[in-house]
Amino acid sequence: MEISSERTLNEPNMRVADLQAIGDELAIKWDDGSESYVKLERLRRHCPCAGCKGEMDIMGHLHIAPDRPLPPQAFQLVRLGRVGGYAVQPVWGDGHATGIYSFDYLRQVANPA
Ligand SMILES: [Zn+2]
């Protein structure tokens with residue numbers, strides 16, 4: 001049997017080993033042993049779903065959702081689900097749960113360049 005060394009395209013550079021909400025922050029432990037802390041409010045404001053980030057129409061115009069003020073419960077984490085082996089999907093206190101954060105995206109939000 002031949003073993004391929006090719007990486008699949010969607011494979012993240014870094015994997016999340018553990019996640020824990022502590023107070024108003026999310027503690028992320030990466031599989032290289034490093035840790036990141038990201039404020040839940042920051043995480044929610046970077047929600048990557050189409051409703052928050054805007055949607056591209058067939059003409060290529062980006063429709064950005066109006067910047068609505070969010071209630072305090074929007075920044076409360078109810079649950080954090082895992083999506084396959086590459087992303088997490090938080091459920092927020094206001095019921096919003098359509099944002100899927102890939103590990104790579106999560107790392108960008110937690111550790112801005
Ligand atoms: Zn969203």
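Trainee: Which strands does α3 lie across?
Mentor: α3 lies across β1, β2 and β3, and runs at about 70° to β3. Helices (H or I, at least four residues) and strands (E, at least two) are DSSP runs, numbered from the N terminus. Axes are lines fitted to C-alpha atoms, for helices over the stretch in contact, and angles run from 0 to 180 degrees between N-to-C directions. Contact means C-beta atoms, placed from the backbone, within 7 Å.
Trainee: Before we go on, what sort of model is this?
Mentor: A predicted one: local features need pLDDT of at least 70, side-chain atom pairs count only at pLDDT 80 or more, and totals for chains, interfaces and linings use all residues. Residues are numbered from 1 along each chain as its sequence is written.
Trainee: OK, the sheet. What is the strand order?
Mentor: β1-β2-β3, three strands in an open sheet with antiparallel pairing. Strands pair if DSSP finds at least two bridges between them. β1 and β3 stand at the edges with a single partner strand each, so one side of each has no neighbour in the sheet. The twist averages 20° from one strand to the next.
Trainee: How many bridges join β1 to β2?
Mentor: Six, with β1 covering residues 16-22. Glutamine 20 has alanine 27 in β2 as its bridge partner. Leucine 19 stands opposite isoleucine 28.
Trainee: And β2 to β3?
Mentor: Five bridges, again antiparallel, with β3 at residues 35-39. Here isoleucine 28 has serine 36 as its bridge partner.
Trainee: What about the turns? Which glycines have a positive phi?
Mentor: Glycine 23 has one of about 60°, in the β1-β2 hairpin with two residues between the strands. Glycine 33 takes one near 95°, in the β2-β3 hairpin, where four residues separate the strands.
Trainee: Back to isoleucine 28. What does it touch?
Mentor: Not counting residues up to four places away in sequence, isoleucine 28 touches Val16, Leu19, Glu35, Ser36, Val38, Leu106 and Ala110.
Trainee: Switching to the core. How many residues make up the largest nonpolar one?
Mentor: Eleven, including Val16, Ile28, Leu106 and Ala110. β2, α1, β7 and α3 each give two or more residues. α3 has the largest share, three.
Trainee: And the cut-offs for that?
Mentor: A nonpolar core is a set of buried Ala, Val, Leu, Ile, Met, Phe, Trp, Tyr and Cys residues joined through C-beta atoms within 7 Å. Buried means 20 or more other C-beta atoms within 10 Å of the residue's own; 12 or fewer is exposed, and in between is partly exposed.

Methods:
Contact = placed C-beta atoms within 7 Å.
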